[in-house]
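Hi,

Here is the structure I said I would pass on.

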Amino acid sequence: MEPFFLRYRNLLVLLALLLAQIIGLAVQVRRTGDGRSSLDAGDSAGVRLVRLWANALVSPPEKLIHAFGLGAEHLWQNYLDLRDVRSQNQELQKTIDRLRLEQAALLEDAKQGERLQALDSFQEKYIYKTVAAQAIGSSGSEQSHVFYIDKGSADGLDRDMAVITADGIVGKIRDVFPRSAQVLAINDQSSGAGVILETTRIRGILRGNANGQPQIVDILADKRIQKGEVVLTAGGDQIFPRGLPVGVVDRVVTDPERDSFIDVLITPAAHLDRLDEVLVITSTQPRFSPQDQQDMAASEALKGDEAAAIKEQKKASEVMAERLPGLIDPNLPPDQQPLHDSSNPVPVAHPPQALHPDRFTPGNAPDPAAGEVPPAAPDAAQANPSSGSQPGRQEPAAAPGGPHTAPASQPASKPAPPGKPTTAAPRNNQPQKNQPPKNPQGGNN
Amino acid sequence: MPLLAADTRREPQTRRYPMLAYALVPLAALILQAWLPQLTGRYSWFDLPLVVTVYFALDRRSPIQGTFMGAAMGLFEDALSHHAIGVNGVAKTVAGFLAASVGVRVDVENHTIRLALNFLLSLVSSSLVVFVSRFLLGLDYEWSWFTVLFTALGNSLIALVLFPLLDRLAVRD
């Protein structure tokens, strides 16, 4: 047997090592319900220990290199590149003042949103506490888009915390070590984030493809999706707060496995290839941090100064307005001033006066109870000004009903032959000549 | 085949290195592999641990040493990633074994052979990663020829510069 082992010892060592590793792989992979294989979401104790050792070996030198790079950059920025710092400082101070005012408005909106959500019994996650961290290293593998940051569980970090930059989301914390943490980037194949297209409001799941580009998968083909559309976090994954920028649509491709589905390739908003400083969202509780409250107080103070200035301007304009000539009549009471007369903003339009009034003219209809109109009726009509002096009030009802009601109201009278004026017409017309002229537009009102 | 075959009239030359080099060079390769992508971004088409594995396996001409070094480097890489520990380990174990086995039979002093071997072994290693992930483990693992090819080219270019530098560390018998 000895010659066999000696002769094939190289091959046997190779097979032994391969067998050991394959057994180790088989332990780490499990079958899911749909028959597929997947890795455990959380590493087992043994695997985690191996990762911890590897991280402990690599992280200190990486931190050292990173600190050296930062030191050199710091040296350059603080001692060698101080030109225009004073003017930049003034510009920044102005920007800070402006941003404080804007922040006050935004925080007011946030407060209102919280109140409304409380009314709706719906809790939305907002970012209220973040921890800044430096990206110190990566996995080194093209197919594993993870990187390491220099903050860990000692700094309050935990698994599944969202990692963002000022530009957009970056990923989530996959594993936490005491002084470092592993972040799974959104362009990894095993990542997942709920996103929504801003314009079309189409929701989907974001994950990386083989080329390391994030894409939205499992959405039905939709021609409304155009290049350049903004993609935001949807907030349904319990990791990323809603509304954070993800990127913009790069292009749309058909799902190679399903024709009716498409993959929307995304250009990420955050520079995933050149990450330096990131923010880890450690708290999304709906409360304001002391720093936020301090900023709000400062903003309120700034707003108070601004409000005082606006009040002074308003007072000065009122003084100027009093000195200027206006349409104020000192002889009229205040409620009848032309500028303040709002009693009848739209005057009632009256029909013009009839040129030849007859019995059908509004106000001239005889009273049915009085029977036939006697010759003295014009005098009575003249004595009762209410029947003729206010034709406008009766016109709307009498004008349409007059021609139909008149024969019924005058059963004894003879109908006038067509085209021939009646004798009563001149009589009825007589008293109206003595009435004062009326404004056809209802000017007496 | 004077170029490819080892000179049979003299014993193949086996190099020795200081123990510090055996410890520090692989560690430096692993650290740089984890740190350099921070600078190079999406153009990280290289695999320094594989290049170092191939170098030591070729020059030591010991399949067992090459196999162990490949396994250690691959497992370390897996530990830094979020993949299952062993995927790269299997690939680099085979790569180390093949490099050492070939090193016994060819003239590894020739730079062209070194570059060609690096290129081929990079392709073999990437193919093994895909094979283990997709077929052995049945994972949803997407890959692209583009990345595999450019990684092999990148490894060859790095080897072109790195191998002469590492040659200086050797202690000749």
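**What I found**

Let's start with chain A, which has nine helices and 14 strands. Keep in mind that this is a predicted model. Of the 445 residues in chain A, 32% are buried. If you take the contacts in chain A between residues at least 6 apart in sequence, 59% of them link residues at least 24 apart. The accessible surface of chain A works out at about 28,300 Å², and carbon and sulfur atoms account for 58% of that.

Now for the interface. Chain A puts 52 residues into the contact, and chain B puts in 47 residues. Between them, chain A and chain B bury an area of about 4,300 Å², with 62% of it coming from carbon and sulfur atoms.

How many salt bridges cross the interface of chain A and chain B? The rule finds one. The partners are R207(A) and E142(B), whose side chains meet at 3.3 Å, N to O.

As for which parts of chain A touch chain B, at least two residues each come from α2 (9–28), β2 (37–39), α3 (45–80), β3 (129–138), β4 (146–149) and β7 (181–185). The largest share belongs to α2(A), with 11 residues. Sorted by class, the side of chain A that touches chain B holds 24 nonpolar, 18 polar and 10 charged residues.

Cheers

Notes:
Residues are numbered from 1 along each chain as its sequence is written. Chains are lettered from A and ligands numbered from 1 in the order in which they are written. This is a predicted model: local features need pLDDT of at least 70, side-chain atom pairs count only at pLDDT 80 or more; totals for chains, interfaces and linings use all residues. Side-chain values use heavy atoms; hydrogens and water are left out. Contact means heavy atoms within 4.5 Å. Buried area is the accessible area (1.4 Å probe) that two parts lose on being put together, summed over both. A salt bridge is a side-chain nitrogen of Lys or Arg within 4 Å of a carboxyl oxygen of Asp or Glu. Helices (H or I, at least four residues) and strands (E, at least two) are DSSP runs, numbered from the N terminus. Ala, Val, Leu, Ile, Met, Phe, Trp, Tyr, Cys and Pro count as nonpolar, Asp, Glu, Lys and Arg as charged, and the others, Gly among them, as polar. Buried means under 20% relative accessible area, exposed over 50%, partly exposed in between (1.4 Å probe, protein chains only). Accessible areas come from the Shrake-Rupley method with a 1.4 Å probe; for residues, only the protein chains shown count as cover.
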